[in-house]
Amino acid sequence: MTGVLGREFTFSDRQFKRLRAFVAEQTGIALSEAKKDMVYGRLSKRIRSHFGGNFQAFCDAIENGDAQEQDFLINAITTNLTAFFREAHHFDYLRQRLIPDLMRRNADSRKIRIWSAGCSTGEEPYSIAMCLAAQQQLADWDIKILATDLDANVIEHAEAGIYSEERLSKLPEKELQWFKRGRGANTGLVRLKPEIRNRVSFKRLNLLHDWPMHGPFDLIFCRNVVIYFDKTTQTQLFERFADLLVADGHLFIGHSETLYKVTDRFTSLGNTIYRRLN
Ligand SMILES: C[S@@+](CC[C@H](N)C(=O)[O-])C[C@H]1O[C@@H](n2cnc3c(N)ncnc32)[C@H](O)[C@@H]1O
């Protein structure tokens, strides 16, 4: 049965504000008024099954520190849209400019360190790994790709390295070599081959909290993550990235994001690619 606003359960403005405050504090995501329906839609099944349709009880659980419900809320709110080789120009730049540069610059250490911050289900760090794996001369280099996300569910999915075959439909033919097609009960699924899977370490990490790693990283990808963060949170985050990059290290951000008037620690190279300034 639906209520006056077409909703099955009452979800008041005050309850929305309580959840919004928690989400902003924990994730940096600033939900606008317009997101109330989206929040209702993503939570209503849980409110029915765990709280007898009572949003108030759910808000209380969140504020009283119920870790399971807090995780549920965060996982439900984050938007995990991603794809292999999303924003293909970034991967062209990586292959054509940055990998050859790193091979020259790091020739003594033979080490490369990359961080995919806000990696969702893993397509982004695995695409980076594929670009590196294609370069035969790097075969015996010490290469580590760290991939982190706030959402425990996407990290679990990413670690498994199993995707539906449809996710590969737009991939260039040469990238299909890194996947093994499932048979029998696994028809329609693909699994990443170990040479790609093993190059990436996944960890759950909230970008707004302390970071256990010290870097330095040669490259950081943080694409389509800060889009809902307020400007102050963005500035703090990008400046922390600058501190963790090598001198001249590169930062990739999403197509609708910018560092303009957010931080002056980077110079723009165009196409939402930035280089750290010293
Ligand atoms: C839209 S996806 C972007 C995935 C990938 N970077 C891309 O561009 O295809 C955004 C990801 O950022 C994560 N995220 C949002 N807020 C975060 C935070 N405070 N700390 C870490 N990850 C966060 C979400 O869980 C989500 O998986």
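User: In which loop does Asp151 lie?

Analyst: This is a predicted model, and in it strand E2 covers residues 142–149 while helix H7 covers residues 152–160. Asp151 lies in the loop between strand E2 and helix H7.

User: Which side chain of opposite charge is nearest to Asp151, and how far away is it?

Analyst: Asp151 is buried yet has no salt bridge, and a salt bridge would need a side-chain nitrogen of Lys or Arg within 4 Å of a carboxyl oxygen. The side chain of Asp151 does reach the backbone nitrogen of Asn153, at 2.9 Å. As for opposite charge, the nearest such side chain is that of Arg204, at 6.4 Å.

User: Is Leu102, in helix H5, buried or exposed?

Analyst: Leu102 has its place in helix H5, which spans residues 88–105, and among the residues it touches are Trp141, Asp218 and Leu219. Because a residue under 20% relative accessible area counts as buried, and Leu102 has 3% relative accessibility, Leu102 is buried.

User: What percentage of the area that the ligand exposes when taken alone does the protein bury?

Analyst: Of the 20 residues around the ligand, those that come nearest include Gly118 and Asp149. A backbone N or O atom of Gly118 lies 2.8 Å from a nitrogen atom of the ligand, and an N or O atom in the side chain of Asn206 is 3.1 Å from a ligand nitrogen atom. Taken alone the ligand exposes 610 Å², and the share of that area buried by the protein is 97%.

How values were computed. Residues numbered from 1 in each chain as written. Predicted model: local features only at pLDDT ≥ 70, side-chain atom pairs only at ≥ 80, totals over all residues. Heavy atoms only, no water. Helix = DSSP H or I, 4+ residues; strand = E, 2+ residues; numbered from the N terminus. Buried < 20%, exposed > 50% of the residue type's maximum accessible area, 1.4 Å probe, protein only. Lys, Arg positive; Asp, Glu negative; His and termini not counted. Polar contact = N/O pair within 3.5 Å; in protein donor to acceptor, adjacent residues only side chain to side chain. Contact = heavy atoms within 4.5 Å. Near = heavy atom within 4 Å. Areas by Shrake-Rupley, 256 points an atom, 1.4 Å probe, with all protein chains shown as cover. Lists of a residue's contacts leave out its neighbours within four places in sequence.
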